[in-house]
Amino acid sequence: MAHIPVNHPLRPMYRLAGFVAGAYLVVFGIIGFGITAGDSFTGHTGDRVLGQSSNLLWSIITVVVGALVILGTVVGRNVDVAVDKYLGWGILVLGSYSMATIRTDANLFGASMSTVVVTYIVGLLLITISLYSKVAAPSKAGAPRQVREGRTA
């Protein structure tokens, strides 16, 4: 897509933000796993982890998603772009499901509204990171916008 920037100058900062988002998910999941280990696998247990409600299923999902984000960030080479994009959208879907089922028996993730808000923030952050992390060879990237518009940097 021509409108997605390639070789963005702030790419290292975006990759670092992706790593931090993945690390947060892993830390949240590990702490949640430790706190909810004796509880039921699904359903609302009332256990709070870093200010959010969680259960064993949600803790496992966040550890897996966070580990995949970190792995994609470490590998780089546009793998991180695909991982961040698809996992970001997936997290938004899970957040929407959680918000729709907060006060019902279908609340499989034991989510509260604070969990939904953080889930949306992390999902949108990953999608934004995927938009600015693409890299290509300079010969295939095209000229920077300033050069195309006839201006000097």
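Asn7 sits in the segment before α1 (11-35). In this predicted model, Asn7 has a positive phi of about 55° although it is not a glycine. Most residues other than glycine have a negative phi. Asn7 is partly exposed, with a relative accessible area of 31%.

Asn78 also has a positive phi, about 70°, and is not a glycine either. Asn78 lies in the loop between α2 (56-75) and α3 (79-100). Its relative accessibility is 27%, so Asn78 counts as partly exposed.

**Helix packing**

Which helices does the loop with Asn78 lie between? They are α2 and α3. Two packed helices are described by the angle between their axes and the distance between the axes. The values for two packed pairs follow.

| Helix pair | Angle | Axis distance |
|---|---|---|
| α2 and α3 | about 160° | 8 Å |
| α1 and α4 | about 150° | 9 Å |

Take α2 and α3. They pack at about 160°. That makes α2 roughly antiparallel to α3, because an angle over 145 degrees counts as roughly antiparallel. The crossing of α2 past α3 is left-handed. On the α2 side, the contact holds Trp58, Ile61, Val65, Leu68, Val69, Gly72, Thr73 and Val75. On the α3 side are Val79, Asp80, Val83, Asp84, Leu87, Ile91 and Leu94. By class, the residues of this contact of α2 with α3 are eleven nonpolar, two polar and two charged.

Now α1 and α4. Their angle is about 150°. The same cut-off of 145 degrees applies, so α1 is roughly antiparallel to α4. The crossing of α1 and α4 is left-handed. From α1, the contact takes Arg11, Tyr14, Ala17, Gly18, Ala21, Tyr24 and Leu25. From α4 come Val118, Val122, Leu125, Leu126, Ile129 and Tyr132. The contact of α1 with α4 has eleven nonpolar residues, one polar and one charged.

**Aromatic pairs**

How many aromatic pairs does the structure hold? There are four. One of them joins Tyr24 and Phe28. Their ring centres lie 6.3 Å apart, with 20° between the planes, and the pair is stacked. Tyr24 and Phe28 are four residues apart in helix α1, so about one helical turn separates them. Phe28 is buried at 2%. Tyr24 is also among the α1 residues that contact α4.

A further pair is formed by Trp58 and Phe109. The ring centres of Trp58 and Phe109 are 5.1 Å apart. Their planes stand at 50°, so this pair is tilted. The pair links distant parts of the chain. Trp58 belongs to helix α2, while Phe109 belongs to the loop between α3 and α4 (113-132). The two are 51 residues apart. Trp58 is buried, with a relative accessible area of 6%. Phe109 has 7% relative accessibility and counts as buried too.

Key:
Residues are numbered from 1 along each chain as its sequence is written. This is a predicted model: local features need pLDDT of at least 70, side-chain atom pairs count only at pLDDT 80 or more; totals for chains, interfaces and linings use all residues. Side-chain values use heavy atoms; hydrogens and water are left out. Buried means under 20% relative accessible area, exposed over 50%, partly exposed in between (1.4 Å probe, protein chains only). Axes are lines fitted to C-alpha atoms, for helices over the stretch in contact, and angles run from 0 to 180 degrees between N-to-C directions. Angles under 35 degrees count as roughly parallel, over 145 as roughly antiparallel, 65 to 115 as roughly perpendicular and the rest as oblique. A crossing is left-handed if the near helix is turned anticlockwise from the far one by less than a right angle, and right-handed if clockwise. Contact means heavy atoms within 4.5 Å. Ala, Val, Leu, Ile, Met, Phe, Trp, Tyr, Cys and Pro count as nonpolar, Asp, Glu, Lys and Arg as charged, and the others, Gly among them, as polar. Rings of Phe, Tyr and Trp (its six-membered ring) pair if their centres lie within 6.5 Å; planes under 30 degrees apart count as stacked, over 60 as edge-to-face and the rest as tilted.
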